[in-house]
Amino acid sequence: MNILLCSAEVTPFAKAGGLADMAASLSKDLAKLGHNVLLIMPKYGNIDTKAFSLENTGHTIAVPMGTWTEYCGLWRATLPGSKVTVYFIQSAEYFDREGIYGNPEGFHDNDRRYIFFSRAVFEIAKILDFTPDVIHAHDYHTALTMPFLKIHYKNDPRFFKTAGVYTIHNMAFHGMFEPRQNMFLCGFGEIYQGSWFEYQGAMNFMKAGIMFADKITTVSPTYAQEIRFTSAGEGLQSELNQRGSDVIGVLNGVDYSEWNPEKDKLLPIAYSKNFLGGKKENKRRYLAEHGVHEAEIMNDIPMMGIVARLTDQKGIDLLEKTIEGFLQNGQLRFTMLGTGAKQYESYFQYLAAKFSTRAFVHIGYNNTISHRLMAACDFLLVPSRFEPCGLTQLYALKYGTIPIVRHTGGLADTIKEYDPSTGKGNGIVFHQYSSEDFAGALRRAIILYNTEPHWSRVIQNALACDFSAKKCAERYIEVYNWAKEKV
Ligand code: ADP
């Protein structure tokens, strides 16, 4: 099958969150299954062209915008660890700047940048003589490929039989913009109330993606239900229900060539289920690197960590209300890696200053630390308010690090509370979004850590889990076939 995948983020070139990991791992595994994948993303200013050996194809792409034509260059590189060729849209005006979206508010021209990207995708396919069976778009950034396909390219022989699949990674980001100018830039004419583009007077990219796609997927089965029937739909519940029979939850998969403690070059010591002493050694070194003295390291208390964007979604306020008491009582150690809202960053800095031998804080984005933290911790905290899929809990399982999660979205699909009476389960799960419930989960975790044989058992259960990207890719092939049946 010829699959054109377009994403605003792709690991390792440019990443803000799980979207980048999924775009990369899905492309790799689709290619391994024997399909032709054309992966397209913007060439952002801070992509390291030398390190990733990006080369200029020499093509200039003409992209229709409004009633005129704009141009971009086309670069390419190989997706590391695969044979997939990634194409990069080079435009000084739109993409040659630091950052992906422009945090925290977003660049003022994100509407125009992503209209341009979505339209360029088709023109690149033409130049490369690629006839896609399916175009697979992700989140609001490339959502407009769906209406472009059905409106502007439906009579083009190259795209005549092309199906559109649209994946929602997070309903919270609709991409709502000024309607008149943007409809014009897209060549769609007037916007009118109740149309497939309009939402509360604005042009809503995500709504257009939902309404025009042949199939709509989201990143876990539970989230697929939540967005249709609860406020997790962020106001688009009725649109999602109109398309209900085409909405499918496909659990994201993990790229185990990237996340595997047996082969992880970023860890000081590799380890496996038969050598869990290696995991203990990772913890010891992590503590030592953070200035903890040997005598204090011998004090065997669990270390709990979190790696996340510091936003309200990730349940950081629950941590704020809870973790300090446990640190004060010497019941656990805490470590975090993340960046985002300033008030959360300041809170973690305060914790690190107050508990210098028990709380270790990294503000910023750092891939190496994220791997080391995952290996060094006994528990990973994911107390999210909502979580479409969540990848960190899946990485944690592979590292024998027990996830403590709230029962929502993909966390509910992947983590089951350990039950000592049956020996089944791979984590600790709490239900209510409350500090009481979260604190209860931390207390259960501490007891589990100190109770053999259950502690060893839950680790083995976690290590035995398989959430590989291969399964995810196989499922997407089914989805692509269903989408093609509709064209
Ligand atoms: P989301 O997509 O909502 O951010 P996910 O759990 O699906 O959440 O994916 C987050 C990804 O981003 C994971 O690969 C995680 O390791 C990574 N990540 C998040 N924050 C950081 C950070 N500060 N440094 C390094 N990696 C990070």
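The model is predicted, so local features need pLDDT of at least 70 and side-chain atom pairs count only at pLDDT 80 or more, while totals for chains, interfaces and linings use all residues. Residues are numbered from 1 along each chain as its sequence is written, and side-chain values use heavy atoms, with hydrogens and water left out.

Stay with the ligand. Helices (H or I, at least four residues) and strands (E, at least two) are DSSP runs, numbered from the N terminus.

Now look at single atoms. A polar side-chain atom of lysine 15 lies 2.8 Å from an oxygen atom of the ligand. Lysine 314 also has a polar side-chain atom by a ligand oxygen, at 2.9 Å. Glycine 364 uses its backbone instead: an N or O atom there lies 2.8 Å from a nitrogen atom of the ligand. How much of the ligand does the protein cover? It covers 93% of the 560 Å² of accessible area that the ligand has on its own. Accessible areas come from the Shrake-Rupley method with a 1.4 Å probe; for residues, only the protein chains shown count as cover.

Next, turn to two buried residues. Glutamine 313 lies in the loop between E13 and helix H11 (316–328). Its relative accessible area is 6%, so it is buried. Buried means under 20% relative accessible area, exposed over 50%, and partly exposed in between (1.4 Å probe, protein chains only). Glutamine 313 and phenylalanine 386 are 73 residues apart along the chain, yet their C-alpha atoms are separated by 6.0 Å. Glutamate 345 sits in helix H12 (residues 342–354). It counts as buried because its relative accessibility is 8%. Its side chain makes a polar contact with the side chain of threonine 339, at 3.0 Å. A polar contact is a pair of N or O atoms within 3.5 Å; within protein, one must be able to donate a hydrogen and the other to accept it, and residues adjacent in sequence count only if both atoms are side-chain atoms.

Open spaces come next. The second largest pocket holds about 480 Å³ of space. Of its 23 lining residues, the closest to the centre are Lys280, Lys283, Asp300, Asp378 and Tyr449. Helix H9 (277–289), helix H10 (294–297), helix H13 (367–376) and helix H17 (454–463) each supply at least two residues of this lining. Six come from H9, the largest share. By class, the lining has ten nonpolar, three polar and ten charged residues.

The largest cavity is lined by Pro268, Asn282, Arg285, Tyr286, Glu289 and Arg372. H9 gives the most here too, with four residues. On a 1 Å grid over the protein atoms alone, a cavity is a set of points where a 1.4 Å probe fits but cannot get out; a pocket is an open set with protein on both sides within 12 Å along at least five of seven lines; lining residues have an atom within 4 Å of a point. Grid points are joined across faces, edges and corners, and a volume is the space filled by probe spheres set on the points.

Finally, follow the backbone. The peptide bond from threonine 11 to proline 12 is cis, with omega near 0°. Proline 12 is in the loop between strand E1 (2–6) and H1. The bond from glutamate 452 to proline 453 is also cis, with omega near 5°. Proline 453 lies in the loop between helix H16 (435–449) and H17. Aspartate 139, in helix H3 (residues 139–142), has a positive phi of about 60° although it is not a glycine.

Notes:
Nonpolar A, V, L, I, M, F, W, Y, C, P; charged D, E, K, R; others polar.
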